[in-house]
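Colleague: I would like to go through this model one feature at a time. Please give the general idea before each case.

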Amino acid sequence: MKSLKVNGKRIEVDADEGTPLLWVIREQLGMTGTKFGCGIAQCGACTIHIDGRAVRSCVYPLSAVSDSNEITTIEGLSRDGEHPVQQAWAELDTPQCGYCQPGMIMAVAGMLNDTPNPSDEQIDAQITNICRCGTFQRVREGIHLAAKKS
Amino acid sequence: MNDLINGINVTRRSFVVGASVAGAGLSLGILPAGRAAADGHLDEVNAWVVIAPDDTVTVRVARSEMGQGTLTGLAQLVAEELECDWEKVTWEFPTPGQSLARERVWGSFSTGGSRGLRGSQQYMREGGAAARMMLIEAAAQQWGVPAAECYAENSVIYHRGSRRKTRFGKVADAAGKLAPPTEVKLKPESEWKVAGQPLKRLDTAEKLTGKLVYGADIQLDGMLLASIKDCPVMGGKLLSYDEAAIKDMPGVRGVVKVETSLGTSGVAVVADTWWQANKALEKLPIEWDLGPNAEFDDAALTALLESGLDADEAFVGNAGGDIAGAFGAAEQMVEAVYKVPSQNHAPMEPMNATAVLTKDQCDVWCPTQNGESALAAASEASGLPIEQCEVYKTILGGGFGRRGRPDYVYQVIEVAKAFPGTPIKLQWSREEDQRHGFFHPTTMAKMRGSLDADGKLTGLHVRISGQSILAGLSPQALQDGMDPLVFQTLFKHGVAPNMDDHAISYDFENLLVDHAMRNPPIRPGFWRGVNMNQNAIYMECFMDELAAAAGRDPLEFRLAHMEKNPKGAAVLKAVAERSGWGRKDGKHRGLAVTYGFGSYVAACADVTVSGDGDVKIDRIVAATDCGTAVNPQQIEAQVEGSFVYGLSALLYQEITYDQGVVEQQNFHTYPSMRIKDMPKVEAIVMPSGGFYGGVGEPTIGVAAPAVMNAIYAATGKRVRSLPLKEQLKA
């Protein structure tokens, strides 16, 4: 058993230490907002926060997390969609299929923690998530809007 | 073409009742007499509309939602006719099993061909109007007044004569018991209040919080997880595997041979979690008979495609005038060969399906673009009568045409057979998704054009050589061996009414468009935009080449052949004007125009190419005349996204083979556009009225050629094959 702090709650999990956090979160904890897209940290659909920093959970093994780390998933980003990024996304009706958006939102929220008012160049460098529907135009607009709201 | 695609999407079994059902009964959402649902009472006004006592309106949508916004657009159309309060509208998916039990009351579930809205708008608007009439009738009966003296507005029914009024929720139950009207009148577009508005989507909120359950997220009590590996070479077979090598790995419950009637042959590992199943599958020793395609590679493919470029035999898709005469009298001949590779759909959510199979019931949960073909697959794979099968659709994590194929449904049921009564979720890895797609067909084209001394185009021959989707997926739909879909956007207007949605944009005096069919051992499929994509590249890039050879302006050169296509000319002029075409400002622009899925579209791209050959797409102006714009902001979203899809293909994407195996196994070798590459897209939505055109696909057609032509404007170099990759590098 391993003790984790997820979305502010202390949780015990029973999984092999090599299991990526993505699958611990989805299969052991039953929280499916964090998505499986590629398994090799390319697409970012699995993005979560560890201590406020965006990480790709599909390659982040359970063994790399300690019980003092604060793990945040899309379910814990806000109580009910009140985070400025979620609000900006709602205002611009950003998602299409929506499958990549929890990861996209977590990646953006993570960036804004360190870079509250990013330039387009900073966005280009830091947001590398894939969206096959192609919502990038509204994602970019949404980042600037969220930065204003924060 | 709609009919054709419809025809092939429905099926392997003949459960689908005839087209006769699509009459008044269908359009008015009537429950056929003597066909009451199991509990005898239906809590609905009619098949399309359910109204709760608190006035909540649930619109039933049979078409799938995969991000394209059809769900919201259709709800807007129903709400418009219903005269309900939009704030109270929600939605639900009826199941294909329920539909079948009610003589297909919801019509087609097939969601492709940019048809979701235009293919169902008529009967859904009629369903909404019929429900409104029944609600008014119910109120009128309660008041003892003629229905003609009553009207509905914003979910409230009023009687003109008295001051009486009531809410929809109060009369919905009574309305549902009334006979439906035999005739309904639809509102003219000019009176629309809800439809035509840039409303927010109905499905956004849950997509922002992680609460929305996709197929991959289905969790059932006692569920086991499966990961699958199909023979990596098409046409190969599973020979054996060594279960003993992995049976003691954590969580492993079993290994199942998975062979389906589609010809797939592979093996799945079942475990307590997917991570365990997939880990064990990676370690499972497997022997394959790789079959006849084990040597297939890109050289073999290229040789096959090239063999058709000058072949004597070819199917003629469009011909007029005297091409030989025109070429004989040419002052100048222009010739170019183009190539478009296979591409994978790669939706963000890899293929998956969940099934529970017992001896007398087969239930499937899956993201599918066609609930009915998934249901037929469930019946065929389980061997159970279709009445004992059911499919529960989820919202799709992307579809793009891939999820119209039910291969994963067949597979999950084969796995479920080994675990009767236990829910099984089959989740493909991304690698499996890359290897076993139904890829965009690969073709080449030899383009030849003749110019006279005045630079006038006198003849054009488009020779397409390559793959046919229909030959691969449904050979029964071929017409005397010919695949008419190959000629999408190059058809002659007026020849076949159901292909007019994809007619050629230009009028040429002497024209020949023909196809030498060459089918490599690659599974083809409908890939967002379908055959429009490569045909628009061939036509629009070559028109640019012809204009250059003739020393004429590409815009003027195109318009000279568009006199009979004023709507096509209008979208082309719109992008030219907005983008600053012809302006001497140092920018490098490229144009493209086409007509596909019933909409007129054009784009102007503006690019910068660095000295090192790096291409930056600075700006795209894209115009769409889709006739009727039900939700303009969602149309803009589709246009924005279509450029990401089309330009990802132009810039990076190809599926190639080595020793019969797909070489691009994940996003690191099959890249997709990221935000840094996203150009500013300015969408011009310019509906001219009187028809419904599609919007999910058309602008993909102009994405690549507009950029390719802009690259020529910037560099003087012609890009004639996809993907661009390093082509402009020294």
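Modeller: Start with the salt bridge: a side-chain nitrogen of Lys or Arg within 4 Å of a carboxyl oxygen of Asp or Glu. Keep in mind that this is a predicted model. Here the side chains of Arg138(A) and Glu640(B) form such a pair, with an N to O distance of 3.2 Å.

Colleague: How many salt bridges are there between chain A and chain B?

Modeller: The count is four. Polar contacts between the two chains come to 29 residue pairs, with both residues at pLDDT 80 or more.

Colleague: Which helices of chain A supply at least two residues each to the side that touches chain B?

Modeller: They are α1 (21-28), α2 (74-77), α3 (84-92), α4 (101-114), α5 (120-126) and α6 (136-149) of chain A. Of these, α6(A) gives the most, with five residues. By class, the side of chain A that touches chain B has 22 nonpolar, 17 polar and eleven charged residues.

Colleague: How many residues does each chain bring to the contact, and what area is buried?

Modeller: Chain A brings 50 residues and chain B brings 61 residues. The area buried between chain A and chain B is about 4500 Å², and carbon and sulfur atoms give 55% of that.

Colleague: Now the inside of chain A. Which domains does the assignment give?

Modeller: The assignment gives domain 1 (2-77) and domain 2 (84-149) of chain A. Their C-alpha centres lie 20 Å apart. The contact between them takes 17 residues from domain 1 of chain A and 13 residues from domain 2 of chain A.

Colleague: What area do the two domains of chain A bury, and what polar pairs are counted between them?

Modeller: Domain 1 and domain 2 of chain A bury about 1300 Å² between them, with 61% of it on carbon and sulfur atoms. The salt bridge count between these domains is zero, while eight residue pairs are in polar contact, both residues at pLDDT 80 or more. On the domain 1 side, β3 (47-50), β4 (53-56) and α2 of chain A each supply at least two residues. The largest share, three residues, comes from β3(A). That side of domain 1 of chain A divides into seven nonpolar, eight polar and two charged residues.

Colleague: What does the side chain of His461(B) join in a polar contact?

Modeller: The side chain of Asp514(B), at 2.9 Å. Setting aside residues up to four places away in sequence, His461(B) also touches others, including Ile323(B), Phe327(B), Met447(B) and Leu512(B).

Colleague: And why does Arg132(B) count as buried?

Modeller: Arg132(B) counts as buried because its relative accessibility is 15%. The residue sits in helix α5 (residues 121-143) of chain B. Beyond its neighbours within four places in sequence, Arg132(B) is in contact with Glu81(B), Leu82(B), Glu83(B), Ala152(B) and Lys185(B).

Colleague: How far apart are Arg132(B) and Val45(B), in sequence and in space?

Modeller: Arg132(B) and Val45(B) are separated by 87 residues in sequence, and by 8.9 Å from C-alpha to C-alpha.

How values were computed: Residues numbered from 1 in each chain as written. Chains lettered and ligands numbered in written order. Predicted model: local features only at pLDDT ≥ 70, side-chain atom pairs only at ≥ 80, totals over all residues. Heavy atoms only, no water. Contact = heavy atoms within 4.5 Å. Buried area = accessible area lost by both parts, 1.4 Å probe. Polar contact = N/O pair within 3.5 Å; in protein donor to acceptor, adjacent residues only side chain to side chain. Helix = DSSP H or I, 4+ residues; strand = E, 2+ residues; numbered from the N terminus. Nonpolar A, V, L, I, M, F, W, Y, C, P; charged D, E, K, R; others polar. Domains from an automatic or database assignment. Buried < 20%, exposed > 50% of the residue type's maximum accessible area, 1.4 Å probe, protein only.
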